[in-house]
Amino acid sequence: MNETIARVIVVEDEPQIRRFVCDSLRREGCAALEAATARQGLDELARGKADLVILDLGLPDMNGIEFIRDMRSWSTVPILILSARSAERDKIAALDTGADDYLCKPFGVGELLARVRALLRRHWQAGEAGPLHRFGDVEVDLSRRIVSRGSVEIHLTQIEYRLLAVMLANSGKVLTHRYLIREVWGPGHSEQGHYLRIYVGRLRQKLEMDPTQPQHILTETGVGYRFQS
């Protein structure tokens, strides 16, 4: 596959399938890490560098869509869905939330490994930013959901945190009002434009040295916002 040993986390509650997938990955030369629950998978991902997550949607402790949404707030590691759910709406929901590929059960091991190789190639070419961000005197640890200035933790509401995470994940990019509203509040909330301005203002109050002259959360007039580290 590659001289680099890929670390793949397999999040699957069915022991036989989990072992089968992990054994197949190990024969391919990957380091396969097993997780029987969503929480174990997220903890494993936060604990160390991973190159790919293979995820079942039907987990005992968390819906797979919630797993993707949580993970995507702080990690760009590719996600391959491996699920018995074959309905188009399930595939669309997973891919729109942030999954990179979708393979239905039952599956062939050859196709599984081919999809794994394709996702790893793209991941290694793009690189992984990591969950720790620093700008000014602020540090954001997305894996632990902690925002701090020096030794003082800064409290963010759920919406404020989600907005910041989306901006950090797209650092340097101009993000339209529509994109931010969809990512933070969800589809069908186009009327939340005035709330977006309010929450951007709150983030500036909490994170900028001078909220009236922001250095990091910048306004792109008539378009949206851009985060500059």
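Q: Let's start with charges: how far apart are the mean positions of the positive and negative ones?
A: They are 2 Å apart, with 31 positive and 31 negative charges in the protein. Keep in mind that this is a predicted model.

Q: Noted. How many helices and strands does the protein have?
A: There are eight helices and 12 strands. The radius of gyration is 19 Å, close to the 17 Å from the globule rule for 229 residues, so the protein is as compact as a globular protein of that length.

Q: And what box do the C-alpha atoms fill?
A: Along the principal axes, roughly 55 × 35 × 30 Å.

Q: Let's zoom in on α3. Which of its residues are buried?
A: Helix α3 runs over residues 64-72, and its buried residues are Gly64, Ile65, Phe67, Ile68, Asp70 and Met71.

Q: Nice, and what covers them?
A: The cover includes the strands β1 (7-11), β3 (52-55) and β4 (79-83), along with the helices α2 (38-47) and α4 (88-97).

Q: One more on that helix: which residue caps the N-terminal end of α3?
A: That's asparagine 63. One of its side-chain oxygens lies 2.7 Å from the backbone nitrogen of isoleucine 65, and Ile65 is itself among the buried residues of α3.

Technical notes:
Residues numbered from 1 in each chain as written. Predicted model: local features only at pLDDT ≥ 70, side-chain atom pairs only at ≥ 80, totals over all residues. Heavy atoms only, no water. Buried < 20%, exposed > 50% of the residue type's maximum accessible area, 1.4 Å probe, protein only. Helix = DSSP H or I, 4+ residues; strand = E, 2+ residues; numbered from the N terminus. Contact = heavy atoms within 4.5 Å. Polar contact = N/O pair within 3.5 Å; in protein donor to acceptor, adjacent residues only side chain to side chain. Rg over C-alpha atoms; globule rule 2.2 N^0.38 Å. Lys, Arg positive; Asp, Glu negative; His and termini not counted. Charge placed at Lys NZ, Arg CZ, Asp CG, Glu CD.
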